Amino acid sequence: MSLTDAKGNNTGSETCHTNLASDITYRHNYPLSPRAVADLFRAAPLNGPLDDLERMRTMLESSQLLISAWHGDRLIGVARTLTDFSFNAFIADLAVHPDY
């Protein structure tokens with residue numbers, strides 16, 4: 001698609017994308033690789049036990065609610081939540097890759 005200014009001059013082009021939201025898959029309590037989550041946290045950027053993968057594994061396995069976002073096979077987001085499943089929930093970590 002060509003872009004034009006108010007006078008009709010060509011100002012460049014625009015790349016049209018399909019709706020990215022429809023390409024993202026959300027998974028509930030899906031087992032995650034500690035390394036993939038550490039890499040996502042670094043990119044986001046978030047703090048955490050990024051170099052201690054065993055501790056990261058324990059952190060992920062002990063989460064009460066873990067939502068992950070995927071674009072194809074790429075992990076692009078994680079929300080790790082502590083909850084009573086009745087009234088309160090606390091987001092412990094929320095990471096979204098900066099490309100998204």
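Serine 63 is placed in the loop between helix 2 (53–61) and strand 4, where helices (H or I, at least four residues) and strands (E, at least two) are DSSP runs numbered from the N terminus. The model is predicted, so that local features need pLDDT of at least 70 and side-chain atom pairs count only at pLDDT 80 or more, while totals for chains, interfaces and linings use all residues. Residues are numbered from 1 along each chain as its sequence is written, and side-chain values use heavy atoms, with hydrogens and water left out.

With a relative accessible area of 12%, serine 63 is buried; the term buried applies under 20% relative accessible area, exposed over 50%, and partly exposed in between, with a 1.4 Å probe and protein chains only. The side chain of serine 63 reaches the backbone oxygen of methionine 59 at 2.9 Å. When the neighbours within four places in sequence are left aside, serine 63 is in contact with Arg80 and Thr81, contact being defined as heavy atoms within 4.5 Å.

The chain as a whole has 2 helices and 6 strands, and from the N terminus on these elements run β-β-β-α-α-β-β-β. Of the 100 residues of the chain, 28% count as buried. Among the contacts in the chain with a separation of 6 or more, 41% are accounted for by residues 24 or more positions apart.

An open sheet is formed by 4 strands in the order 3-4-5-6, and the pairing is antiparallel; two strands are taken to pair if DSSP finds at least two bridges between them. The edge strands are strand 3 and strand 6, each of which pairs on one side only. From one strand to the next the twist averages 15 degrees, where axes are lines fitted to C-alpha atoms, for helices over the stretch in contact, and angles run from 0 to 180 degrees between N-to-C directions. Helix 1 packs on the sheet and touches strand 5 and strand 6, its direction making about 95 degrees with that of strand 5.

Within this sheet, strand 3 and strand 4 pair in the antiparallel sense over 5 bridges, and isoleucine 24 stands opposite histidine 71 in strand 4. Strand 4 is joined in turn to strand 5 by 7 bridges, the two strands running antiparallel, and here tryptophan 70 stands opposite leucine 75 in strand 5. The hairpin of strand 4 and strand 5 has 2 residues between the strands, and in this hairpin glycine 72 takes a positive phi near 70 degrees. Strand 5 (residues 74–83) is mostly covered, since 8 of its 10 residues are buried.

A pair of aromatic rings is described by the distance of the centres and the angle of the planes. Rings of Phe, Tyr and Trp (its six-membered ring) are said to pair if their centres lie within 6.5 Å, and planes under 30 degrees apart count as stacked, over 60 as edge-to-face and the rest as tilted. By this rule the count comes to 1 aromatic pair. The pair is formed by tyrosine 30 and tryptophan 70, and it is edge-to-face, at 5.7 Å centre to centre and with 80 degrees between the planes. Distant parts of the chain are linked in this way, as tyrosine 30 lies in the loop between strand 3 (24–28) and helix 1 (34–43) and tryptophan 70 in strand 4 (residues 65–71), 40 residues apart. Tyrosine 30 counts as partly exposed, at 37% relative accessibility, whereas tryptophan 70 is buried, with a relative accessible area of 10%.

Arginine 27 lies over the face of tyrosine 30, at 4.6 Å from the ring centre, and also over the face of tryptophan 70, at 4.7 Å from the ring centre. For such an arrangement, NZ of Lys or CZ of Arg must be within 6 Å of the ring centre and within 35 degrees of the ring normal.

Aspartate 99 is found in the segment after strand 6 (89–96) and counts as exposed, at 55% relative accessibility. The C-alpha atoms of aspartate 99 and alanine 44 are separated by 9.3 Å, although these residues are 55 residues apart along the chain.

Conventions
A polar contact is a pair of N or O atoms within 3.5 Å; within protein, one must be able to donate a hydrogen and the other to accept it, and residues adjacent in sequence count only if both atoms are side-chain atoms.
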